[in-house]
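Please read it alongside the sequence and the model.

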Amino acid sequence: MTHPQYPDLPWVEGDLVIDPAVLEAIEAHAREAYPSECCGFVFGPIEEASRLDAMQRETNEADKYHRLDPETFPRTSRTYFKINELRAARTFEEAAAAGRPLKVIYHSHCDAGPYFSDEDAATFAQEGMLMWPCAFLVVSVVEGEVRGRALWVHVPGTDRFREARLEVREEPVAER
Ligand SMILES: [Zn+2]
């Protein structure tokens, strides 16, 4: 099955395999950021659609926006994350051009489970359309320790997300 908006980008539908070292780096970021939510990007080779083999930390700009405009942005980084959209757009473009597409946006939840919140869904889908061509990883950090994680993908034509399979496995480098 493919996503109607992105039929050529199969990772949008989940069923991904992440390198254990990459997952550990994401979880380390989540622990460091606690009690704030962290966020970042996960990449992989274009030739292996399901494979995730690199990550990049991004800055959670929730507090910056909250300071500037607390009425429009009432929530702080404790319960909310805001990724820089210009940087995200540019990174999606550059990564695709380099054959190393940005396949997943990750963020953490503090003292809450790795569910996809209403706020998350509203951020990443609007009027049935997926806003970014990727899947979404949520890491749960409770009292500073990682307690779980889940991969979420968009349900086409809705503003909902469903959980998808994420396997943690090292893969041998493909022979050329
Ligand atoms: Zn969230």
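Strands E9 and E10 run antiparallel and are joined by four bridges; strands here are DSSP runs of E with at least two residues, numbered from the N terminus, and two strands pair if DSSP finds at least two bridges between them. This is a predicted model, in which local features need pLDDT of at least 70 and side-chain atom pairs count only at pLDDT 80 or more, whereas totals for chains, interfaces and linings use all residues. Residues are numbered from 1 along each chain as its sequence is written.

Within this pairing, His154 has Phe161 in E10 as its bridge partner. The two strands form a hairpin with six residues between them, and in the turn Gly157 has a positive phi of about 80 degrees.

## Arg160 in the connecting loop

Arg160 lies in the loop between strand E9 (145-154) and strand E10 (161-164). Arg160 counts as partly exposed because it has 14 C-beta neighbours inside 10 Å, the class between buried (20 or more other C-beta atoms within 10 Å) and exposed (12 or fewer), with C-beta atoms placed from the backbone.

Leaving aside residues up to four places away in sequence, Arg160 touches Ala121 and Val155, a contact being a pair of C-beta atoms, placed from the backbone, that lie within 7 Å. The C-alpha atoms of Arg160 and Ala97, which are 63 residues apart along the chain, are separated by 29 Å.

## The parallel sheet

An open sheet is formed by three strands in the order E3-E1-E11, with parallel pairing. Its edge strands, each pairing on one side only, are E3 (51-52) and E11 (166-168). Strand E1 (residues 16-18) is joined to E3 by two bridges, and Val17 stands opposite Arg51 in E3.

Technical notes: Contact = placed C-beta atoms within 7 Å.
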